[in-house]
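Trainee: I'd like to go through this model with you, a few questions at a time. Could you put it up on the screen?

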Amino acid sequence: MRAARLIRMVLLLQSRPTMTAAELAQELEVSERTVTRDAQALSEAGVPVYAERGRAGGYRLVGGYRTRLTGLARDEAEALFLSGLPSALREMGLEDAASAARLKVSAALLPSLRNASTGVARRFHLDAPGWYREPATPELLPAVAEAVWDDRTVLARYRRPGQDTEVERELAPYGLVLKAGVWYLCARAADDFRVYRIDRFTSVTVSDTRFVRDGDFDLPGFWNERAAQFARSILRAEVTLRLSEAAAGRLPHTVDRVAARDALAAAGPPGAGGWVTVTLPVESLDVAYGQLLSLGPELEVLEPAALRTRFAAAAERLHALYRRPL
């Protein structure tokens, strides 16, 4: 523990001209007294750490000293490729490895390039979760991530959606996907690749057995294919609509984007006032009601009759509400 901290301290001093005891204490998450003791230990070990006193003082390395302890460990190298995803690193338990990797890379760079990582961080940040929802980290995500990194099989209990029963599966975990703040595992079960929501795992046991990866497996390609299949599979009903020009422009932002695009492309030419008639696949009539109601008077439901009746009733309630004087 202390040896790793001492190496980290040397790398910090190598990447910056001078650091105060307070700055080092904050980076290393220790007290300033511990920083003083660590600096003394480094000096006794032959590392030329020099302490300058005074308001502009601090710790620095003397004579352009450079350590050769900049080689990346495996977990550090892997974490480095995810360094643009700070929340993902934290949730998978790789934040410390990424921090050590960034320090080692910074220490190996020329002095003129050492602020490159800071410059990027000031100009780019990825916030993966969607709006209007509080992201929750699945409790079992670090264990799943460990198995993914090490190619180890897992025995997982999984709660199926809408059911109280659980199933147990032995999985070869190939990859993790973070989609709109939700973590998914792409895994091989028997001879089939499947997708699991990690927040539906109730237990995960990582085995000592390593599986052999299929060299042809392409995680982005597999995810895109399954995501498209899922999006198509849940569109089990159809509605026929008349849309104003304004509603046609807003439809892809209101319902499934691909379904809206295809429906508009298949529509005939606009009629009077620029209105078009479309046939739109939807998840269910209840879901369609909630989504399409936001288009208000820019939309008319033609079919099915049950949905048209619901819209007519909503229009009557709105009319009764707004014709009353305040």
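Trainee: Is Arg152 buried or exposed?
Mentor: We go by relative accessible area: buried means under 20%, exposed over 50%, and partly exposed in between (1.4 Å probe, protein chains only). Arg152 comes out at 17%, so Arg152 counts as buried.

Trainee: And which residue forms a salt bridge with Arg152?
Mentor: A salt bridge here is a side-chain nitrogen of Lys or Arg within 4 Å of a carboxyl oxygen of Asp or Glu. For Arg152, the closest N and O atoms of the pair are 3.9 Å apart, and the partner is Asp150.

Trainee: Before we go on, what kind of model is this, and what is its mean pLDDT?
Mentor: It's a predicted model, where local features need pLDDT of at least 70 and side-chain atom pairs count only at pLDDT 80 or more, while totals for chains, interfaces and linings use all residues. Residues are numbered from 1 along each chain as its sequence is written, and side-chain values use heavy atoms, with hydrogens and water left out. pLDDT is the predictor's confidence in each residue, from 0 to 100. In this protein 76% of the residues reach 70 or more, and the mean is 81.

Trainee: Where is the pLDDT below 50?
Mentor: Where pLDDT is low, the predicted coordinates should not be read in detail. So take care with this stretch, even though it has 13 contacts (heavy atoms within 4.5 Å) beyond near neighbours in sequence: residues 77-82.

Trainee: Which residue forms a salt bridge with Asp151, and how many residues apart are the two?
Mentor: The partner is Arg213, with the closest N and O atoms 2.7 Å apart. Helices (H or I, at least four residues) and strands (E, at least two) are DSSP runs, numbered from the N terminus. Asp151 sits in the loop between H8 and S3, and Arg213 in the loop between S7 and H9, so the pair links distant parts of the chain, 62 residues apart.

Trainee: In what order do the five strands of the open sheet come?
Mentor: Two strands pair if DSSP finds at least two bridges between them. The pairing in this sheet is antiparallel, and the order is S6-S5-S4-S3-S7.

Trainee: Which are the edge strands?
Mentor: Look for strands that pair on one side only. Those are S6 and S7.

Trainee: Which residue in S6 stands opposite Ala187?
Mentor: S5 (residues 182-189) and S6 (residues 192-197) are joined by six bridges. They form a hairpin with two residues between them, and Ala190 in the turn has a positive phi of about 60°. Opposite Ala187 stands Arg194.

Trainee: And what does Arg194 meet in a salt bridge?
Mentor: Arg194 is partly exposed, with a relative accessible area of 34%. The N to O distance is 3.5 Å, and the partner is Asp192.
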